[in-house]
Amino acid sequence: MENVIALYALARRPDEHPERSLVEQARDGSSTAFGELYQQYVRMVHGLLLARVPHSEVDDMVQDVFLQAFRRLSSLKDGAAFPGWLAAIARNLAVDYHRRTPKTAEIEETMLRQMPPAPEALGVLETIRSMPDAYRETLILRLVEGMTGPEISAQTGLTPDSVRVNLHRGMKMLREKLEGRTAQ
């Protein structure tokens, strides 16, 4: 199985056809172009998954999203639809994860060696995950992935106004939920 990170490492060569879109080049087998697509969209995919699955599963699932995209790239007819198509793959993998994963989990030895995230951060993340999808995704992309409003708009296909509204309403809802939690 090819590793997406390895594809990106191979992608450091200059491109022979800069006038063609990265999606077209990747569709024709250019690992350089696919590596560039990976670099452009990895934060978006990471954020979408973080909004839906346990933190411990996100990194592996990001790789799975890009592997599926790489394998299915020939089925994508319009290269301009790549960001939305990639986001749909990420969302579908998250849904599949919840369908096939039992509600209990074993503690692995490697988990015991890792530094866990701060409990406050996990609490905020869980609060964000309880919010409606539109707010959840944009908040994760902004607060966790550090993406700007224009970046979120460009990569998710949402209009800049939608991103702005979702961030504004989402932050308001998050503040209310967090204040309500601390007041109890």
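What share of the contacts in the chain with a separation of 6 or more comes from residues 24 or more positions apart? And how do helix α3 and helix α4 pack?

Author: Welcome! This is a predicted model, where local features need pLDDT of at least 70 and side-chain atom pairs count only at pLDDT 80 or more, while totals for chains, interfaces and linings use all residues. Residues are numbered from 1 along each chain as its sequence is written, and side-chain values use heavy atoms, leaving out hydrogens and water.

To your opening question: residues 24 or more positions apart account for 68% of those contacts, a contact being heavy atoms within 4.5 Å. The chain has 10 helices and 0 strands, taken as DSSP runs (helices H or I, at least four residues; strands E, at least two) numbered from the N terminus.

Now for the pair itself. Helix α3 (residues 31–50) and helix α4 (residues 55–72) pack at about 140 degrees, with axes 9 Å apart; the axes are lines fitted to C-alpha atoms over the stretch in contact, and angles run from 0 to 180 degrees between N-to-C directions. That makes α3 oblique to α4, because angles under 35 degrees count as roughly parallel, over 145 as roughly antiparallel, 65 to 115 as roughly perpendicular and the rest as oblique. Residues making the contact include Phe34, Val45 and Leu49 of α3 and Val58, Phe66 and Phe70 of α4.

Val45, Leu49 and Phe66 are also among the residues with the most contacts inside the largest nonpolar core, which has 44 residues. Such a core joins buried (under 20% relative accessible area, 1.4 Å probe, protein chains only) Ala, Val, Leu, Ile, Met, Phe, Trp, Tyr and Cys residues through side-chain atoms within 4.5 Å. Helix α3 gives the most to this core, with 11 residues.

Note on methods
Buried < 20%, exposed > 50% of the residue type's maximum accessible area, 1.4 Å probe, protein only.
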